[in-house]
Amino acid sequence: MSSGRGIGGGVGRCYPFFAEFKECLKTETLITHEDGSKNWKNGCWEHREDYFECLHAKKEWAMVRRVNEEEKRQAKIAADGQ
């Protein structure tokens, strides 16, 4: 995936997100707080999140599930009302 090559030989679908994330990491600083927690200084988290969403589509599938559940709920209400 990080090679940038897609299955058809062109640019992979997630490579642009990976490239942004990689560029951000070049300037990234990890800060460790006194309580032991860590966070990134300049906001690479958003780039990482975009890259991982492109790879795994977890948020997209969660939204699809919620929409399907709502459609079923509304269909049940309509069926019970008739």
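Predicted model: local features only at pLDDT ≥ 70, side-chain atom pairs only at ≥ 80, totals over all residues.
**Stop 1: Phe21**

Start by selecting Phe21, which lies in helix 1, residues 15-26. Is Phe21 buried or exposed? Its relative accessibility is 11%, so Phe21 counts as buried, the limit being under 20%.

Now show what surrounds this residue. Setting aside neighbours within four places in sequence, Phe21 is in contact with Trp40, Cys44, His47, Arg48 and Tyr51. Phe21 and His33 are twelve residues apart in sequence, and their C-alpha atoms are 23 Å apart in space.

**Stop 2: the aromatic rings**

Select Tyr15, Phe18, Phe21, Tyr51 and Phe52, which ring pairs link into a cluster. The structure has four aromatic pairs by the rule used here. Take the pair of Phe18 and Tyr51: the ring centres are 5.4 Å apart and the planes stand at 55°, so this pair is tilted. Phe18 belongs to helix 1 and Tyr51 to helix 2, residues 44-56, so the pair ties together parts that are 33 residues apart in sequence.

Next, keep Tyr51 and look at Phe52. Their ring centres are 5.8 Å apart with the planes at 90°, so the pair is edge-to-face. Phe52 is partly exposed, with 33%.

Arg48 lies over the face of the Phe52 ring, at 4.2 Å from the ring centre. Arg48 was also among the contacts of Phe21.

**Stop 3: the disulfides**

How many disulfides does the structure hold? There are two.

Select Cys14 and Cys54, which are joined with an S to S distance of 2.0 Å. The angle about this S-S bond is -90°, and the link is left-handed. Cys14 is in the segment before helix 1 and Cys54 is in helix 2, so the pair ties together parts 40 residues apart in sequence. Both ends are buried: Cys14 has a relative accessibility of 0% and Cys54 has 14%.

Then select Cys24 and Cys44, where the S to S distance is 1.9 Å. The torsion about this S-S bond is about -105°, so this disulfide too is left-handed. This pair links distant parts of the chain, with Cys24 in helix 1 and Cys44 in helix 2, 20 residues apart. Cys24 is buried at 10% relative accessible area, and Cys44 is buried at 0%.

With the bonded cysteines numbered in sequence order, the pairing reads 1-4, 2-3. To see what lies around Cys24, show Asn42, Gly43, Cys44 and His47, which Cys24 touches when residues up to four places away in sequence are not counted.

**Stop 4: the nonpolar core**

Several residues already visited come together here. Select Cys14, Phe18, Phe21, Cys24, Cys44, Tyr51 and Cys54: these seven residues make up the largest nonpolar core. Helix 1 and helix 2 are the elements that give two or more residues to this core.

**Stop 5: the salt bridges**

The last stop turns to charged side chains, where the count is three salt bridges.

Select Glu23 and Lys26, whose closest N and O atoms are 3.0 Å apart. Both lie in helix 1, three residues apart, or about one turn of the helix. Glu23 is partly exposed at 44% relative accessible area, while Lys26 counts as exposed at 59%.

Lys59 is partly exposed, at 48%, and so is Glu49, at 33%.

Finish with Arg73 and Glu70, which meet in a salt bridge at 2.6 Å, N to O. Both are in helix 3, three residues apart, about one turn of the helix. Arg73 is partly exposed, with a relative accessible area of 43%, and Glu70 is partly exposed at 31%.

Key. Residues numbered from 1 in each chain as written. Heavy atoms only, no water. Helix = DSSP H or I, 4+ residues; strand = E, 2+ residues; numbered from the N terminus. Buried < 20%, exposed > 50% of the residue type's maximum accessible area, 1.4 Å probe, protein only. Contact = heavy atoms within 4.5 Å. Phe/Tyr/Trp six-rings, centres within 6.5 Å; stacked < 30°, edge-to-face > 60°. Lys NZ or Arg CZ within 6 Å of the ring centre and 35° of its normal. Disulfide = S-S within 2.5 Å. Core = buried A, V, L, I, M, F, W, Y, C linked by side-chain atoms within 4.5 Å. Salt bridge = Lys/Arg side-chain N within 4 Å of Asp/Glu carboxyl O.
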